[in-house]
Amino acid sequence: MENIPSWLTKEENYTAQKSNTSFLQKTLLQIGSTIARFQRVVFKKEKQEAIFFLVFVVITILLMALSKNMFFTYVIFACLIVKLCFLDINSLTYVMRYSIRAFLFSCFILLPALCMGNGKTLLTVSLKVFISTSLLSVFHLLYSSNEIISCLKMLHIPDIFIFTLDTTFKYIVILSRSCEEILLALTCRIIGKRKEKGTMMTNVSGMTFIRSQQHSQQMYDAMKCRGFTGVYYSHMHMCVNRYDILIFGLLIIEIAVFLYLER
């Protein structure tokens, strides 16, 4: 009978190094929040005031862009602050996160104007960007993607634009889930520290790109089988309620203030 090799009788005390997966975990959390934000299911009937609020937001942004009197922008900013006061902490954090990013980015772009002595231009443009981003964030927070698509159809927006927007909303969720699955599998297979972070992210990006091509071909085949002609139909019915009247009244007041200040 042969003797057991000595290397088999040695006790192994292998301890793997602590995995450095904090970046992957943060990315998974960010992707999860993105999926939850874009995949909101509305169980009740679409709110009729969505189209009025959309018109209000678009006209407000347009009037701010045309306004030469800074007092009008301050009035809109004050009304926005009042609206933000009624949001819960999660909604407020969501709005502020994107608005502050847009504000800081616009400040960075306009830094040459500050160096040339045009600090007022930097303040004016950056504040208008902050207000516009906040209004759009509040609108996206209050209404789902289906309601946004219905509003655009009721406003007679071209179907090709609606199709592009609708596909974008859906593919953000689909590709985010694919990327989440790849990152989760990669996290489970990591033992110890990995230095090839650039290679890992390149592989994830490549796999996501390949899956996006596969999903696009599958969607094209499904659209052909179902006879999709590119025409969208709105399921919302025009029915004015008290919220619509309130938004319409605020819009009239806003236009009146703009005309009075710009005369």
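## Helix packing briefing

H5 passes H7 in a right-handed crossing, one of several helix contacts picked out below. This is a predicted model, and the protein in it has eleven helices and zero strands. Read from the N terminus, the order of elements is simply α-α-α-α-α-α-α-α-α-α-α. Of its 263 residues, 33% count as buried.

**H5 against H7**

- The axes of H5 and H7 sit 8 Å apart, and the packing angle is about 150 degrees.
- An angle over 145 degrees counts as roughly antiparallel, and H5 and H7 are therefore roughly antiparallel to each other.
- On the H5 side, the residues that meet H7 are Ser91, Tyr94, Val95, Met96, Tyr98, Ser99, Ile100, Ala102, Phe103, Ser106 and Cys107.
- H7 answers with Leu122, Ser126, Leu127, Val129, Phe130, Thr133, Ser134, Ser137, Val138, His140 and Leu141.
- Sorted by class, the H5 and H7 contact holds 14 nonpolar and eight polar residues, with no charged ones.
- Ser106 is one of the H5 residues in this contact, and with a relative accessible area of 9% it is buried, because the cut-off for buried is under 20%.
- Setting aside residues up to four places away in sequence, Ser106 touches Ser126 and Val129, and both of those belong to the H7 side of the contact.

**H4 against H7**

- H7 also packs on H4: their axes come within 10 Å and cross at roughly 35 degrees.
- The crossing of H4 and H7 is left-handed.
- H4 brings Met70, Thr73, Tyr74, Ile76, Phe77, Leu80, Lys83 and Leu84 to this contact.
- From H7 come Leu123, Thr124, Leu127, Lys128, Phe130, Ile131, Ser134, Leu135, Val138 and Leu142.
- By class, that makes 13 nonpolar, three polar and two charged residues in the contact of H4 with H7.
- Thr124 lies in helix H7, and at 16% relative accessibility it counts as buried.
- The C-alpha atom of Thr124 is 9.7 Å from that of Lys68, although 56 residues separate the two along the chain.

**H4 against H11**

- H4 (residues 70-85) packs against H11 (residues 242-261) at an angle of about 160 degrees, with 9 Å between their axes.
- That angle makes H4 roughly antiparallel to H11.
- H4 and H11 cross in a right-handed sense.
- Phe71, Phe72 and Ile76 of H4 make the contact with Glu254, Val257, Phe258 and Leu261 of H11.
- Six of the residues in this contact are nonpolar, one is charged and none is polar.

**The nonpolar core**

- The largest nonpolar core has 34 residues.
- Phe53, Phe72, Leu84, Val95, Ile131, Val138 and Phe139 are the residues with the most contacts inside it.
- H3 (49-66), H4, H5 (89-109), H7 (119-142), H8 (145-154) and H11 each supply at least two residues of this core.
- The largest share comes from H3, with eight residues.
- Which residues does Leu84 touch, not counting those up to four places away in sequence? They are Leu92, Val95, Met96 and Val138.
- Of those partners, Val95 and Val138 are themselves listed with the most contacts inside the core.

**A loop residue to look at: Val240**

- Val240 sits in the loop between helix H10 (197-225) and H11.
- Is Val240 buried or exposed? With a relative accessible area of 55%, it is exposed, because exposed means over 50%.
- Leaving aside neighbours within four places in sequence, Val240 is in contact with Phe52 and Ile245.
- Val240 and Phe52 are 188 residues apart along the chain, and their C-alpha atoms are separated by 9.6 Å.

Terms used. Residues are numbered from 1 along each chain as its sequence is written. This is a predicted model: local features need pLDDT of at least 70, side-chain atom pairs count only at pLDDT 80 or more; totals for chains, interfaces and linings use all residues. Side-chain values use heavy atoms; hydrogens and water are left out. Axes are lines fitted to C-alpha atoms, for helices over the stretch in contact, and angles run from 0 to 180 degrees between N-to-C directions. Helices (H or I, at least four residues) and strands (E, at least two) are DSSP runs, numbered from the N terminus. Angles under 35 degrees count as roughly parallel, over 145 as roughly antiparallel, 65 to 115 as roughly perpendicular and the rest as oblique. A crossing is left-handed if the near helix is turned anticlockwise from the far one by less than a right angle, and right-handed if clockwise. Contact means heavy atoms within 4.5 Å. Ala, Val, Leu, Ile, Met, Phe, Trp, Tyr, Cys and Pro count as nonpolar, Asp, Glu, Lys and Arg as charged, and the others, Gly among them, as polar. A nonpolar core is a set of buried Ala, Val, Leu, Ile, Met, Phe, Trp, Tyr and Cys residues joined through side-chain atoms within 4.5 Å. Buried means under 20% relative accessible area, exposed over 50%, partly exposed in between (1.4 Å probe, protein chains only).
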